[in-house]
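Please look over the sequence and the structure below before reading on. The briefing after them covers folds, sheets, helix packing and the chain contact.

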Amino acid sequence: MRHAPAPGPADHRQDDDTAIAPAGRDDAEPDRRRFLRRSGALVGAAAAATATGALAQQASAPAAEGSALPPNVPPWMKVQGAPTGGELYGKPSAFEKHVVRHLRPTDKQYFSSSTRTPLQELDGIITPNGLFYERHHGGVPAIDPAQHRLMIHGLVERPLIFTMDELRRFPSETHIYFLECSGNPGFNVYGKTAAEANGLVSCAEWTGVPLKTVLREVGLKPEAKWVVAEGADAAAMTRSVPIEKCLDDALLVYSQNGERLRPEQGYPLRLLLPGYEGNMSIKWLRRLHVTDKPYYTREETSKYTDLMPDGRARKFSFYMEAKSIITAPSGGQKLMGKGFYEIRGIAWSGHGKITKVDVSVDGGRNWQEATLQEPVLTRAITRFRLPWEWDGTPTVIVSRATDETGYVQPTLEELIEARGKNSFYHNNAMTPWRIAETGEVTNARL
Amino acid sequence: MRVSNADKSAFPAWAACCALAAASLAGPAHAADEGKRFGFGTPATEEQIAGWNIDIGPDGENLPPGSGTVAQGKQIYESACMACHGAKGEGGMGDRLVGGMGTLTSDKPVKTIGSFWPYATTLFDYIRRAMPLMAPQSLSNDEVYAVTGYLLHLNGIVKEDATLDAQTLREIRMPNRDGFVDDARPDVKHPACMKDCPGAL
């Protein structure tokens, strides 16, 4: 077993100058070169993190190579480390600077835009708050929680205004749920990495008050059928939510992974609708308008509707169907030759728990059932793993998820057969990765 | 409505009284009517609600007083919208707003206000709440009516001499009004074959 040396500071200066940070906005470098450099950096980090050390280290030798390795005593044992309290809000190691959200370099503007979670860099089921995917329609507002209010009005007995302190006084609950943008990844975007291909999904532990508790406080009138939710951003983002969802598992959340929501995730208050397309979990929530009908807002007509080949569009397509993706080995990484690898990935379904994930290592000809890591939670990301001996020949690896309704994740061809190529939203197709004889991993659809 | 002795200290007595009264009036139409109330929150006045509620229903509910002409809308468009959406709504940094009629069944559908949006009221709602991009909620109601009218005119939906107000806007029937259907998923059934499967990737 060979352990690749940890990348040194010199490598990271190089990373910072290329595509990794800040998030690949430099378009000057040809894609090919950038890809190669990035794959070296990614693989270096992956190799350092894996117990098998089986992935290749391609980056140039670190400056301090040898001085920290046996039989030498590492230099960081011979001096005092950084003083306690140097970072009162801790940050990742300086050697992890390449682990950042992916920002597409080609957007026309960055007020209505998105960033993607670096799925290929993460373990477990919880997305760190700083890496949770973003989709904003009017930028990220800076909201003073003392000045923030939630107003609930419309078909209610008692229209009320709540402060954040009042909302936090209600009995609270904590649940782990994924969120996924329904445009993850669209029908014609085939990213090079897992982040680029499917990074508009993340998973967190959310704390807040059940929406039904707060609706009880205002008292619903019998004709209440929908709730129009509005955010306090420059888009005044507005979506109509069926009352059944509001009285089921909907939450008003103020904390994510134990700390207050980040501004990018709706600080100080967010509607959280488990299993629904992420856009409906209104961030910076400031108003709930209880109505007898959906309001056909711009974001549920012009956008977030699924155009079918007959020219008609599906509306109110809320649920995110079962999906999975292999995150290791995945696009941009490189295997260091034949032998043992653990295939790792994530699966999730808006309809409940994942019951099964199958993995094929021969391009979909034969499939094996992967091991699911507990906990397997409803509407949360589930980890799967499959041990694999690569014989060194080119192949395609791919995963497919099944959820508790019996629904099986389809191929892209099956989705296109049913919906055509212009429905854009709700592409939950399998993501196949091609492994070349050299060990290079690329998106098999590119 | 259940209020246990143990819960009484958590909220004022008047809240329990109100809760009981309200529950008996409204009836248990929803699950949310069951369980206790806490007496949190401050009543929202009509004035406070009116200041915040900018939702326009698809039937024109809550459209405000005011009016604007297509000609006025053209002027507003050219000063506040054109930089992003193009001289005639053809798009640029912002979405294309005009044209695309009859393209929805083609390989390259063009989804615009005229070809795709089901309700003209949504146009008023969206412009007022979110546009122009760098100054949302800065247009007066008259200005929003005017620019809504101009965009409808560019799409051939209202005449050049039209004046838009609550009444005329709610009476407009958009070309794609019936173009939306309910979600038909699950619509794909993958066979989940395990051995010697056809159609390998």
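Predicted model: local features only at pLDDT ≥ 70, side-chain atom pairs only at ≥ 80, totals over all residues.

Residues are numbered from 1 along each chain as its sequence is written, and chains are lettered from A and ligands numbered from 1 in the order in which they are written. Chain A comes to seven helices and 24 strands, while chain B has seven helices and four strands. Helices (H or I, at least four residues) and strands (E, at least two) are DSSP runs, numbered from the N terminus.

**Chains**

- Of the 446 residues in chain A, 53% are buried; a residue is buried if 20 or more other C-beta atoms lie within 10 Å of its own, exposed if 12 or fewer, and partly exposed in between, with C-beta atoms placed from the backbone.
- In chain B, buried residues make up 34% of the 201 residues.
- Among contacts in chain A between residues at least 6 apart in sequence, 71% join residues at least 24 apart; two residues are in contact if their C-beta atoms, placed from the backbone, lie within 7 Å.
- For chain B, residues 24 or more positions apart account for 58% of the contacts with a separation of 6 or more.
- Along the sequence, the pattern of chain B reads α-β-α-β-α-α-α-α-β-α-β.

**Strand pairing in chain A**

- An open sheet of chain A holds three strands in the order S1-S2-S3, with antiparallel pairing; two strands pair if DSSP finds at least two bridges between them.
- Strand S1 (102-103) and strand S3 (134-136) of chain A stand at the edges with a single partner strand each, so one side of each has no neighbour in the sheet.
- Strand S2 (residues 113-116) of chain A pairs with S3(A) over three bridges in the antiparallel sense, and A:Ser113 has A:His136 in S3(A) as its bridge partner.
- Strand S13 (residues 285-291) of chain A has six of its seven residues buried, so S13(A) is largely enclosed by the rest of the structure.
- S13(A) pairs in the parallel sense with strand S4 (residues 150-154) of chain A over four bridges, where A:Met151 stands opposite A:Arg287.
- S13(A) is also joined by six bridges to strand S8 (residues 226-231) of chain A, and these two run antiparallel; A:Val228 has A:His289 of S13(A) as its bridge partner.

**Helix packing in chain B**

- Helix H5 (120-130) of chain B has 11 of its 11 residues buried, so H5(B) is largely enclosed by the rest of the structure.
- The buried residues of H5(B) pack against H6 and helix H7 (166-170) of chain B.
- H5(B) and helix H6 (residues 141-154) of chain B pack at an angle of about 130 degrees with their axes 10 Å apart; axes are lines fitted to C-alpha atoms, for helices over the stretch in contact, and angles run from 0 to 180 degrees between N-to-C directions.
- That makes H5(B) oblique to H6(B), because angles under 35 degrees count as roughly parallel, over 145 as roughly antiparallel, 65 to 115 as roughly perpendicular and the rest as oblique.
- On the H5(B) side the contact includes B:Leu123, B:Phe124 and B:Ile127, and on the H6(B) side it includes B:Val144, B:Val147 and B:Leu151.
- The residues of this contact of H5(B) with H6(B) divide into eight nonpolar, one polar and one charged; Ala, Val, Leu, Ile, Met, Phe, Trp, Tyr, Cys and Pro count as nonpolar, Asp, Glu, Lys and Arg as charged, and the others, Gly among them, as polar.
- The axes of helix H3 (residues 70-80) of chain B and H6(B) come within 7 Å and cross at roughly 95 degrees, which makes H3(B) roughly perpendicular to H6(B).
- The contact of H3(B) with H6(B) has six nonpolar, four polar and two charged residues.

**Contact between the chains**

- Contacts link 57 residues of chain B with 72 residues of chain A.
- H5(B) gives the most to the side of chain B that touches chain A, with five residues.
- That side of chain B has 33 nonpolar, 12 polar and 12 charged residues.
- Strand S15 (residues 313-315) of chain A pairs with S4(B) in the parallel sense over three bridges, with A:Arg314 opposite B:Val181.
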